[in-house]
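Dear colleague,

I am handing over the structure below, and I would be glad if you would look through it before reading my notes.

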Amino acid sequence: MAEPVVRIPDAKVALSTASVYPESTATAFEVAARLGYDGVEVMVWTDPVSQDIEALRRLSDYHQIPVLAIHAPCLLITQRVWSTDPWTKLQRAQSAAEKLGASTVVVHPPFRWQRQYARDFVTGIWRMADETDVRFGVENMYPWRYRDREMLAYAPDWDVTKDDYRHFTIDLSHTATARSDAMEMIGLMGDRLGHVHLADGNGSNKDEHLVPGRGTQPCAELLERLALTGFDGHVVIEVNTRRAMSGVEREADLAEALAFTRLHLASAVRVVPGGGPRP
């Protein structure tokens, strides 16, 4: 019987700067370096540092932590960040990624009330993707719910697998809120899955972003699937630490998330004599 070997994919594990909120973008770089993350994903939001390419470059150089991805300002609270025009926001996100050496821009599908943007979104994303080596990873979202009512807030759809994009980002807190099957979703995404937001959830109406392993999502199973398929994108820890009572408690959560991710990305593969690998 052949001994199992461990296969670890080339995927890097990054910390989203959103994971230290309400602390600053600068704090996220410091924490990522101290805990041993491979890089950061910058959430562009109302923190001026997150919008300043030179400030981000200085933080990256000082902490020796690369910027691996830029999350474009797509949230309700960032409607005026980097212009009110959504295409301008994406152009600036692309420019930031190119200047900082990041490989991916994460983007949400439009809100339904952004009618013209939504109408042109799929073709516009393809057009931008054709003009750069930066990947635009369109992220799965979820229907908004209040009690027994459901509102479809995103267009063309919160389920991005229903449309044709070159690259996808899957977020497991969002699959929990949508009550969709994360493993089925990555199967539909196939080799177009380029980016992962790793978090957990229990299917609440709220987007929980729990530490992986503390909810019902198949976080471990998904990571093991990525290892077996040789995933070479980025796995980004994007969790909510707002309830942490101290910086020490917040860092403990982020250290736990990193350890969980690296453990399950190390996939045991049994090599079969005369044949190929078998998990």
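Arginine 58 is exposed, with a relative accessible area of 55%, where exposed means over 50%, buried under 20% and partly exposed in between (1.4 Å probe, protein chains only). Arginine 58 belongs to helix 2, residues 53-63; helices (H or I, at least four residues) and strands (E, at least two) are DSSP runs, numbered from the N terminus. Between the C-alpha atoms of arginine 58 and glutamate 251 there are 23 Å in space, and the two are 193 residues apart in sequence.

Please bear in mind that this is a predicted model, in which local features need pLDDT of at least 70 and side-chain atom pairs count only at pLDDT 80 or more, whereas totals for chains, interfaces and linings use all residues. Residues are numbered from 1 along each chain as its sequence is written, and side-chain values use heavy atoms, with hydrogens and water left out.

As to the fold, eight strands close into a barrel with parallel pairing, in the order 2-3-4-5-6-9-10-11; two strands are taken to pair if DSSP finds at least two bridges between them. Neighbouring strands of this sheet are turned against each other by 25° on average, direction ignored, the axes being lines fitted to C-alpha atoms (for helices over the stretch in contact) and angles running from 0 to 180 degrees between N-to-C directions.

Strand 10 is mostly covered, since six of its six residues are buried. Four bridges join strand 10 to strand 9, the two running parallel, and threonine 169 stands opposite histidine 195 of strand 10.

Helix 8 (residues 247-265) lies across strand 2 (12-16), strand 10 and strand 11, and runs at about 155° to strand 2. In strand 2 we find lysine 12, which is partly exposed, with a relative accessible area of 39%. Leaving aside residues up to four places away in sequence, lysine 12 touches Asp38, Leu68, Gly233, His234 and Val235, contact meaning heavy atoms within 4.5 Å. Lysine 12 and histidine 234 are 222 residues apart in sequence, yet 5.0 Å apart in space, C-alpha to C-alpha.

Lastly, the pockets, for which the search used a 1 Å grid over the protein atoms alone and a 1.4 Å probe: a pocket is an open set of points with protein on both sides within 12 Å along at least five of seven lines, and lining residues have an atom within 4 Å of a point. The largest pocket has a volume of about 880 Å³, a volume being the space filled by probe spheres set on the points. Its lining comprises 27 residues, with Leu75, Tyr142, Asp207, His209 and Arg242 nearest the centre. That lining divides into 14 nonpolar, eight polar and five charged residues, where Ala, Val, Leu, Ile, Met, Phe, Trp, Tyr, Cys and Pro count as nonpolar, Asp, Glu, Lys and Arg as charged, and the others, Gly among them, as polar.

With kind regards
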